[in-house]
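I opened this notebook to record what I looked up in one structure. The entries follow the order in which I checked each topic.

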Amino acid sequence: MASQRQIAANQRNGAKSRGPRSQEGKARSRMNALRHGLAAATIFASDGLASVDDSCVNAMYQRLRQIEVERVKVLNDVHNLSASQELDKLHTAVRRLAALERYSQRSHSKLKKHIF
Amino acid sequence: MSDPKPSHPKSYPLDVLKRLLDTPQLLPHESSKEFLQLFARLEDYGKPQNSRDYLVVHQAAVLTWDILRCQGMKVGVLRSYQRPALESLFRKIQVRTVKRNGLGEAVAQSEARELAAPWFKDPASRPAMMKMIEMAGYPPDAIEVEAFQLALPALAPIERLIVSAQKRLDRYLEDLERTSKAHARALRAAAEKAIAENAAASASRK
């Protein structure tokens, strides 16, 4: 267990850090919490930059394709797991399938808003 | 396993449609022949006239396939819960017995596991086990009911997927029906016009 002096020193040292400073570092750290990006409000193109207008529609198509690829993978997992006795994994895969369906519907309605 | 790629002598108004039908997005154990049969059935039903109609038919085929796939998934999930269901039933039966004998629930659990094992190893033992379950006061379909109850958390999301796909499919089918009726009306109007023109021409000749 850390002593009071150590805790105070850690806090002092921690306060000196103000996170990334360069544009490149900020752009990189922006992606830190990104897991798969399928549910993200901002759509990122493959180059990592937020896209606008026409490229936004392309990025949405790209995301929908990505969701579909992931869905096929999970469907296959569900099929294989239902033949086994790994019920926890099966349950997780089914929940993932439902989540992908939600992402897909959300992306479809965003795409509709952009097109019409 | 998927069937070998079938050839499509038929031509479609869009290249993308041909590509979609040549390589349908199916799972390794699904048959592309069956998917194409489904597409052909829907094509017969919708009688597509232009590229848009063809795309609607394709979407309807994909959604119908998805619904069938989800139904199969439900059966698979229920099947995978058979063993836990049987163990759960035996545990319930054993708990009553061991409580009478003053033993713990852990004993009942391990005994239930042992009792359930022959069901899957030796199908000949099933009638005797069913008799045991019925003797304990459970109905003949107790295993299915128990499996359904245990699988419910996994079945509910699948059911929601089916409902969602069904709604989208209904919209596409309504669209197909509308366009099909519109084509039929246009065809009838064109035929009536041609008959009227023919009649007028023959009247003027007289």
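**Conventions.** I worked from a predicted model, in which local features need pLDDT of at least 70, side-chain atom pairs count only at pLDDT 80 or more, and totals for chains, interfaces and linings use all residues. Residues are numbered from 1 along each chain as its sequence is written, while chains are lettered from A and ligands numbered from 1 in the order in which they are written.

**Chain A.** I looked up the secondary structure, taking helices (H or I, at least four residues) and strands (E, at least two) as DSSP runs numbered from the N terminus. Chain A has four helices and zero strands, and its pattern along the sequence reads α-α-α-α. I then checked burial: a residue is buried if 20 or more other C-beta atoms, placed from the backbone, lie within 10 Å of its own. Of the 116 residues in chain A, 13% are buried. For contacts, I required C-beta atoms, placed from the backbone, to lie within 7 Å. In chain A, 44% of the contacts between residues at least 6 apart in sequence join residues at least 24 apart.

**Nonpolar core.** I defined a core as buried Ala, Val, Leu, Ile, Met, Phe, Trp, Tyr and Cys residues joined through C-beta atoms within 7 Å. The largest one holds 42 residues, and A:V78, B:V57 and B:A60 have the most contacts inside it. α3 (53-81) and α4 (87-115) of chain A are among the helices that each supply at least two of its residues. With ten residues, α3(B) gives the most to this core. I also listed the contacts of A:V78 beyond its neighbours within four places in sequence: A:L90, A:A93, A:V94, A:L97 and B:M73.

**Helix pair.** I fitted axes as lines to C-alpha atoms over the stretch in contact, with angles from 0 to 180 degrees between N-to-C directions. The axes of α3(B) and α7(B) come within 9 Å and cross at roughly 165°. The two helices are therefore roughly antiparallel, a label used for angles over 145 degrees.

**Chain contacts.** I found 19 residues of chain B in contact with 15 residues of chain A. On the chain B side, α3, α4 and α7 each supply at least two residues, and α7(B) gives the most, with seven.

**Domains.** Chain B is divided into domain 1 (11-80 + 153-174) and domain 2 (81-140), with bounds from an automatic or database domain assignment. Their C-alpha centres lie 42 Å apart.

Note on methods
Buried ≥ 20, exposed ≤ 12 C-beta atoms within 10 Å, placed from the backbone. Contact = placed C-beta atoms within 7 Å. Parallel < 35°, antiparallel > 145°, perpendicular 65-115°, else oblique.
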